[in-house]
Amino acid sequence: MVRAIRGAIQLDAGDRDSIIQGTTELVQAIMDRNSLTTDDVISVLFTATPDLTAEFPALAARKLGFHEVPLICCTEIDVPGALPRVVRLMAHVETDRPRAEMQHVYLRGAVALRQDIAQ
């Protein structure tokens, strides 16, 4: 079955190292909590708030071994009052797990974005 997993992390800063480290933390948490390997991942869509321009979040996934997985980065809509310095992702994966068992991961301040599904 194909499932979609959502996640987000709020970064402490908008520099390159913060983007790489935060995205790495998010991707690893999603992979670990859902017992996934890169072979299970079909594709990953990353978004970043407009204040994060120092690096592409996808670079962190490449450094984790996502060499054959299609990745794309987009800028989020600049909504007044939106949470700053946030990287989000949606990963499409192949798994035998039911939808109710998929774990969506929201870290740091990003927990406030989806308290209904954050684990």
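In the predicted model, Cys-74 is partly exposed, since its relative accessible area of 37% falls between the 20% below which a residue is buried and the 50% above which a residue is exposed. The sulfur of Cys-74 has its closest cysteine sulfur in Cys-73, at 7.3 Å, and the two are therefore too far apart for a bond; a disulfide would require the pair of sulfur atoms to lie within 2.5 Å. By this criterion the number of disulfides is zero. Cys-73 is accordingly in no disulfide, with the sulfur of Cys-74 as the nearest cysteine sulfur, 7.3 Å away. Cys-73 is also partly exposed, at a relative accessible area of 24%.

The loop between strand S3 (71-75) and strand S4 (86-94) contains Ile-77. With a relative accessibility of 72%, Ile-77 counts as exposed, because the value lies over the 50% limit for that class. The C-alpha atoms of Ile-77 and Leu-113 are 15 Å apart in space, while 36 residues separate Ile-77 from Leu-113 in sequence. Arg-85 is likewise placed in the loop between S3 and S4. Although Arg-85 is not a glycine, its phi is positive, at about 55°. Its relative accessibility of 26% makes Arg-85 partly exposed.

A positive phi, near 55°, is also found at Arg-108, again a residue other than glycine. Arg-108 belongs to the segment that follows strand S5 (105-107), and its relative accessible area of 38% places Arg-108 in the partly exposed class.

Ser-43, by contrast, is a buried position. This residue lies in strand S2 (residues 41-48), and its relative accessibility is 18%, so that Ser-43 falls under the 20% limit for burial. When residues up to four places away in sequence are left aside, Ser-43 touches Val-69, Pro-70, Met-90, Ala-91 and His-92. Of these partners, Met-90, Ala-91 and His-92 fall within the residue range of strand S4 (86-94).

At the level of the whole chain, two helices and five strands are present, and from the N terminus onward the elements follow the order β-α-β-α-β-β-β. The radius of gyration is 13 Å, which is close to the 14 Å that the globule rule gives for 119 residues, so the chain is as compact as a globular protein of that length. Taken along the principal axes, the box filled by the C-alpha atoms is roughly 40 × 30 × 20 Å.

Of the 119 residues in the chain, 42% are buried. Among contacts between residues at least 6 apart in sequence, 82% join residues that are at least 24 apart. The accessible surface of the chain amounts to about 6400 Å², and carbon and sulfur atoms contribute 51% of this area. As to charge, the chain carries 12 positive and 16 negative side chains, and the centres of these two sets are 4 Å apart.

Notes:
Residues numbered from 1 in each chain as written. Predicted model: local features only at pLDDT ≥ 70, side-chain atom pairs only at ≥ 80, totals over all residues. Heavy atoms only, no water. Helix = DSSP H or I, 4+ residues; strand = E, 2+ residues; numbered from the N terminus. Buried < 20%, exposed > 50% of the residue type's maximum accessible area, 1.4 Å probe, protein only. Rg over C-alpha atoms; globule rule 2.2 N^0.38 Å. Contact = heavy atoms within 4.5 Å. Areas by Shrake-Rupley, 256 points an atom, 1.4 Å probe, with all protein chains shown as cover. Lys, Arg positive; Asp, Glu negative; His and termini not counted. Charge placed at Lys NZ, Arg CZ, Asp CG, Glu CD.
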